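Morning, everyone. Please have the sequence and the 3D view ready. I'll take the domains, then the ligand.

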Amino acid sequence: MLLGVLTGGGDAPGLNAVIRGVVREASVEGHEVIGFHDGWRGVMDGDHMELTVEGCRGLLDKGGTVLGTTRINPFMRDDGPSACRQSLDALGVDALISIGGEGTLSCTQEMYKLGFPVVGVPKTIDNDIGLTEMTFGFATAVDIATEAIGRLHTTAESHDRVMVIEVMGRHVGHIATWAGIAGGATVTLIPEHPFDIVEVCDALRRRHQRGKYASIVVVAEGAKPVPGSLDVPEDTFDEFGHIRLGGIGELVAGEISSRTGFETRTTVLGYVQRGGQPNAYDRVLSTWYGVEAARAAIDEDFGAMVAYQCGTVQRVRIADAVDGLKYVRPELWNVANRFFA
Ligand code: F6P
């Protein structure tokens, strides 16, 4: 068999480890693999490279993706699906492994409905894909955010300041919640629970009254105030219809400063959460996903997505996984809440 691989959407630590896992499993089973450049763009254009076990040396801990990635999908071109069909037929690809987040996997599901032999792998530092307890890249992002919070603690304490740190998380607050707990945040704000700025300021005042003059406020980039409670700029969108975020941290910091008088600073963590090496957990999970995705492709279990559930990697249907986002569990949010000032 000839397997194809693509990486789509925003990058995440562990993409290369998944590719390496696919190639190793395919090779052990006597199959070959090619990789398409820049996600579905490469499939439409037949733009690809050979992937061999030798060529994958050094990929386990390498950040980014050697294949390149874009958000381009075949439905953006009238001839997109037929161009994909022609290029897969011409190259003799029997199965296509699509590694991506919500957008890429939704498109992969649409291609499956058109009869394409696809298998999905859930990727995103946001960890918001349904039916899998973990997407790869998330654990590394949490480590990076936690380390940053730790560093902010010492400078906050030295200057008696409130530090607002904005982390990624467009629709969900997994990174903010985990890093907030791990980093000992005073308050954490996530998209799932619109915040009341009056309550946030009261929490900080209570803490200061207890003699603690430094506080950390973790804000997910998609966090929103209770409707009508604060003026927020209108949402804007990129050319792929993705909401453009960034700025809520600065807004929250400004409100805290003007309402409480506490000296407040903002850090927007941004793309360092996505760049660089995967941690040990993500190297293992990505490798496991890659091996299992190759097996699913070899089994011709098309329309399947690999998923981490109950301590093992299983196969679920892509259609079910992209049916809805996975939000922060109320049980974990309650744990985080117990420590809010
Ligand atoms: O990968 C998910 C994510 O990190 C989101 O949290 C963030 O909003 C988005 O990607 C930004 O990605 P880009 O700027 O590449 O569109």
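Between the two domains, 18 residues of domain 1 are in contact with 16 residues of domain 2, where contact means heavy atoms within 4.5 Å. This is a predicted model, so local features need pLDDT of at least 70, side-chain atom pairs count only at pLDDT 80 or more, and totals for chains, interfaces and linings use all residues. Residues are numbered from 1 along each chain as its sequence is written, and side-chain values use heavy atoms, with hydrogens and water left out.

Where are the domains? Domain 1 covers 2–137 + 278–321, and domain 2 covers 139–274. Those bounds come from an automatic or database domain assignment. The C-alpha centres of the two domains lie 33 Å apart.

Now the ligand. Why does it lie between domain 1 and domain 2? Because both domains give residues to the shell around it.

Which residues are around the ligand? They are Arg 71, Ile 125, Asp 126, Met 168, Gly 169, Arg 170, Glu 221, Tyr 271 and Arg 274. Each has a heavy atom within 4 Å of the ligand. The shell divides into three nonpolar, one polar and five charged residues. In this scheme Met, Ile and Tyr count as nonpolar, Asp, Glu and Arg as charged, and Gly as polar.

Next, the polar contacts, which are pairs of N or O atoms within 3.5 Å. A side-chain N or O atom of Glu 221 is 2.7 Å from a ligand oxygen. For Asp 126, a polar side-chain atom lies 2.9 Å from a ligand oxygen. For Arg 170, the distance from a side-chain N or O atom to a ligand oxygen is 3.5 Å. Taken alone, the ligand exposes 400 Å², and the protein buries 82% of that (Shrake-Rupley method, 1.4 Å probe).

Methods: A polar contact is a pair of N or O atoms within 3.5 Å; within protein, one must be able to donate a hydrogen and the other to accept it, and residues adjacent in sequence count only if both atoms are side-chain atoms.
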